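Open the model in your viewer and keep the selection panel at hand. The stops below go from a sheet to its surroundings, then out to the whole chain and the cores.

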Amino acid sequence: MIRLINLELQKLWLNKTSRILIYVSFILPFTVLILSSIKINFFGFFTLELGELGIFNFPIIWHITTFFAALFKFFFAIVVVSMIGNEYSNKTIKQNLIDGLSKKEFILSKFYTIVFFSLAATVLIGLATFFIGLYYSSYTEASIIVREIEFLLAYFVKLIGFFSLCLFFGMLLKRSAFALGFLFILYILEWIIFGFITYHSDADTGFKIKNFLPLESMYKLIDQPIQRIVMSKFPDKTEIVYDYAVHWHEIAIVLGWTALFVFLSYRLLKKRDL
Amino acid sequence: MDTILTINNLTKKFGYLTAVKDLSFTINKGNVYGILGPNGSGKSTTLGIVLNVVNRTSGEFSWFDGNVSTHDALKRVGAIIERPNFYPYMSAYDNLKLVCKIKGVDYSKIDEKLEIVGLEDRKNSSFKTYSLGMKQRLAIASALLNDPEILILDEPTNGLDPQGIHQIRSLIKDIAKNGTTILLASHLLDEVEKVCSHVVVLRKGEKLYSGRVDEMINSFGFFELKSDKQSELITYLESNEAFSKIKVEGELITAFLNEPMPAATFNQQMHNNGIVLSHLVKRKESLEEQFLMLTDTKAEA
């Protein structure tokens, strides 16, 4: 396993474009996180301090940071898609197999790298959230800190699921740009399916089924936290109450898709003449 | 003799096209094999199948004693097919390091092999700056990294200039001299003739011949003759059972032998019959002539 990750990391790290994208995908969410946590003085007119809104309180901070950090997953998605596209355009996939890498090992080396980066991103976001929380949060008792820490797990699963989807599209289409385009097509397709079902029954059933589709199920892992912030400001407005928790079945759906995408990528490579 | 590769009734179909048809042959240790055939005769497809990149339609193949999986066997094989495929943004050294990681070979081999192909002073330049000849040499270095038991080369001199062709050929000869088994696919007959001891001839995916190069055609050679008494000579040759076919081109008569006969014996016979030869050469068909005869006869049949 170490050998396979090591192999893939060399391919990525020596490529300038993917190195820059990896930097960006790590540094950008942190910059945003840190910028938002400091007090910004707008030329003496007013000071903006997001910490004052209570968004850096435990346990809500876990929810907020993982939700916004997940928006930056697109940078690494480009890396994932291009690490497949490059293998095809340089024909190095063929050479790798001739040199004695099995088709299974080839897919696994990509998948392990995805898990590795998702884990690294999760650990870093976890640490950053923990320290910012310790600094700003009004409550720092251990029991409150670890409450809702499952958002970190959701974040990890969400990244793995999304990158596995990218891996599959990369293998399917062999071209990075097409694969990214397909992500957009899939997004539209999920809304079309939703529209179709809503037309034939109702929006409730529509959403229920859409929750099983790949992109929506990944998105649903961490619900948007804005409404929750509003909720915490107006506790008596019961009509805006919603279910924002991470559910085990949501994780199971995404893990199911992940397994399917990795398996399909392997099947595709196995059947294909290079 | 140790068997390295056995192929049994291998068939590959691309839709309606049959690229390889019921192909069987065996490769033994220590010989230099050529796979010969025009473009599109199924050479690369056959190599692709045994190298795990093309799926077979039917048939079997097994590496070594047949107890190793294909990808493990490939770690004991060195192969380059068609163009050299490397990561353009990596240096030669880094590219070979990657191959070492795949094959499980120590990094110390890298410099040793780069020296063999004469690239050690350019090892830190990125692959995309290399000329085609250098790329091909790097590919050979990469194939040699694991000290393979068999080296597979597919059209290694394709697209190279004469100097590059010469470099690659002398490299191959040096490697063969060290006892490495080589399988060389080529459509260039003189290339195969110069390096190979055994040959498999393919046409449209079918095997026409496999065996030693010098036994490819059951032939005793031919005489090239010139004489002032041309008509008498022709009459004599036609009446003699030892000759099968006689070809006349201007002054030059080519007489093909049915049975072994030394030139001296023939000269003596001519002398006894009162025919004086002004030109007598005994020759064997070159691989090119043999190849054309082989493909022609099969085409007629």
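## The six-stranded sheet

Select the strands of chain B that make up the open sheet: there are six, ordered β5-β6-β7-β3-β8-β9, and their pairing is mixed. Bear in mind that this is a predicted model. The edges of the sheet are β5 (77-80) and β9 (206-212) of chain B; each has a single partner strand, so one side of each is left without a neighbour in the sheet. From one strand to the next the twist averages 10°.

## Strand β8 and its two partners

Next select residues 198-203 of chain B, which are strand β8.

On one partner, β3(B), the pairing with β8(B) is parallel and extends over four bridges. To see one of them, pick Ile35(B), whose bridge partner in β8(B) is Val200(B).

Now turn to β9(B), which runs antiparallel to β8(B) and is joined to it by six bridges. His198(B) faces Arg212(B) of β9(B), and Leu202(B) has Lys207(B) of β9(B) opposite. Between the strands of this β8(B)-β9(B) hairpin are two residues, and Lys204(B) adopts a positive phi near 50°.

## The helix across the sheet

## Chain B as a whole

Zoom out to chain B, which has ten helices and 13 strands. Its C-alpha atoms fill a box of roughly 75 × 45 × 35 Å along the principal axes. Of the 301 residues in the chain, 38% are buried. Among contacts in chain B with a separation of 6 or more, 69% are between residues 24 or more positions apart.

Colour the chain by domain: the assignment gives domain 1 as 3-215 and domain 2 as 222-283. The C-alpha centres of these two domains of chain B are 45 Å apart.

Then colour by pLDDT. The average over chain B is 86, and 97% of the residues score at least 70. For the complex, the predictor gives an ipTM of 0.84 and a pTM of 0.85.

## The nonpolar cores

Show both chains and look for the largest nonpolar core, which has 128 residues. Residues with the most contacts inside this core include Val80(A), Tyr155(A) and Phe163(A) from chain A, and Ile182(B) and Leu184(B) from chain B. Which element gives the most to this core? It is helix α8 (residues 150-173) of chain A, with 15 residues.

Centre on Phe163(A). Leaving aside neighbours within four places in sequence, Phe163(A) is in contact with Phe76(A), Ala77(A), Val80(A), Ile114(A) and Ser118(A).

For the last stop, select Phe222(B), Phe223(B), Leu233(B) and Ile253(B). These are among the seven residues of another core, which lies apart from the largest one.

Methods
Residues are numbered from 1 along each chain as its sequence is written. Chains are lettered from A and ligands numbered from 1 in the order in which they are written. This is a predicted model: local features need pLDDT of at least 70, side-chain atom pairs count only at pLDDT 80 or more; totals for chains, interfaces and linings use all residues. A residue is buried if 20 or more other C-beta atoms lie within 10 Å of its own, exposed if 12 or fewer, and partly exposed in between; C-beta atoms are placed from the backbone. Two residues are in contact if their C-beta atoms, placed from the backbone, lie within 7 Å. Two strands pair if DSSP finds at least two bridges between them. Axes are lines fitted to C-alpha atoms, for helices over the stretch in contact, and angles run from 0 to 180 degrees between N-to-C directions. Domain bounds come from an automatic or database domain assignment. pLDDT is the predictor's confidence in each residue, from 0 to 100. A nonpolar core is a set of buried Ala, Val, Leu, Ile, Met, Phe, Trp, Tyr and Cys residues joined through C-beta atoms within 7 Å.
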